[in-house]
Amino acid sequence: HLAGKTALVTGSTSGIGLGIARAFAAAGANVVLNGFGDAPAIETLRAGIAAEHGVEVRYSAADLTRVDEIETMVADAVEAFGAVDVLVNNAGIQHVAPVHEFPTDKWDLVIALNLSAAFHAMRLVIPGMKAKRWGRIISTASAHALVASPYKAAYVAAKHGIAGLTKTVALEVAESGITVNAISPGYVWTPLVEKQIPATMKARGMTEEQVKRDVLLAAQPTRQFVTVEEIAGLALYLTTDGARNITGALQVIDGGWTAA
Ligand code: NAD
């Protein structure tokens, strides 16, 4: 259902963003990938998605903590494809420290990437979406858009900020055929999470299953990771015409975490 449309997915060289980019390409969208990583590996990804789904895939190396690079990324996407029809604000990082020791540069970095970048990308794509009277904006928030955990002040503040930004912008564009939503995952099985397991097994003398269940998934009642494919399926649904009345919403997909 996305044939002829263009999706810009930030932070899509890995994890959740990559899963969303693949799902959108499979639905026919041309895609702009963004994120960091090894250049030849990214080129292999880009060419692979394009060949597999017969769509055009471009890559922007923009550092989304920089406003000028966000502006260039969006301008390049519009120049290449004529429009950005679907924007996914997904790039994000974490930093863990008690608030009185939280490095101020890390605070600025997390707020810039996890919150301000979404504001900038939204303000830049909305005029084009309004002109076409169709658009979909989806931000990857987190269970931490609803509840907190200690030592994650910047991340939790930014994700709560995404919730407020999503609701506000949804109201502003509600009559323009544009929906604005956030997806709030619990723990998702991404390379980032997977890589932590061997060290935790060693440090705690636990089996892999014990680490997953009793450490990582302690707060997630299903005791199962959310998968990248599940997030991508939800994001894809939000781009359909059937989802046109879902706007300003936080779509929770967290194995029951925030119900507890
Ligand atoms: P990931 O580390 O696999 O992917 C992050 C992506 O962001 C990568 O493509 C990376 O290159 C990119 N990125 C990092 N800094 C950037 C910058 N300055 N400019 C542009 N791109 C940058 O992580 P993930 O688990 O896929 O997380 C994606 C999003 O999902 C984040 O917003 C994260 O907060 C959110 N999230 C993840 C989980 C989880 O358990 N994995 C849970 C809830 C929410």
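Visitor: What share of the contacts in the chain with a separation of 6 or more comes from residues 24 or more positions apart?

Guide: Two residues are in contact if their C-beta atoms, placed from the backbone, lie within 7 Å. Here, residues 24 or more positions apart account for 73% of those contacts. Note that this is a predicted model: local features need pLDDT of at least 70, side-chain atom pairs count only at pLDDT 80 or more, and totals for chains, interfaces and linings use all residues. Residues are numbered from 1 along each chain as its sequence is written.

Visitor: What percentage of the residues count as buried?

Guide: A residue is buried if 20 or more other C-beta atoms lie within 10 Å of its own, exposed if 12 or fewer, and partly exposed in between. Of the 260 residues, 45% count as buried.

Visitor: Which residues have the most contacts inside the largest nonpolar core?

Guide: In soluble globular proteins, nonpolar side chains tend to be buried together. A nonpolar core is a set of buried Ala, Val, Leu, Ile, Met, Phe, Trp, Tyr and Cys residues joined through C-beta atoms within 7 Å. The largest one has 72 residues, and I20, F24, V31, I231 and A235 have the most contacts inside it. Helix α4 (residues 104-132) gives the largest share, 11 residues. As for A235, its contacts beyond four places in sequence are I20, A23, V88, I138 and I183.

Visitor: Is H120 buried or exposed?

Guide: H120 is found in helix α4. It counts as buried because it has 20 C-beta neighbours inside 10 Å. Beyond four places in sequence, H120 is in contact with V67 and I70.

Visitor: Which strand do 4 bridges join to β9?

Guide: Two strands pair if DSSP finds at least two bridges between them. Strand β6 (residues 178-185) is joined to β9 by 4 bridges, and the two run parallel. S184 stands opposite V252 in β9. Strand β9 (residues 250-253) has L250 and V252 on its covered face, Q251 and I253 on the uncovered one.

Visitor: How many residues surround the ligand?

Guide: A residue is near a molecule if its C-beta atom, placed from the backbone, lies within 6 Å of it. Here 28 residues surround the ligand, the closest being G11, G15, I16, G35 and G92. The elements giving two or more residues to this shell are α1 (15-26) and α6 (191-194).
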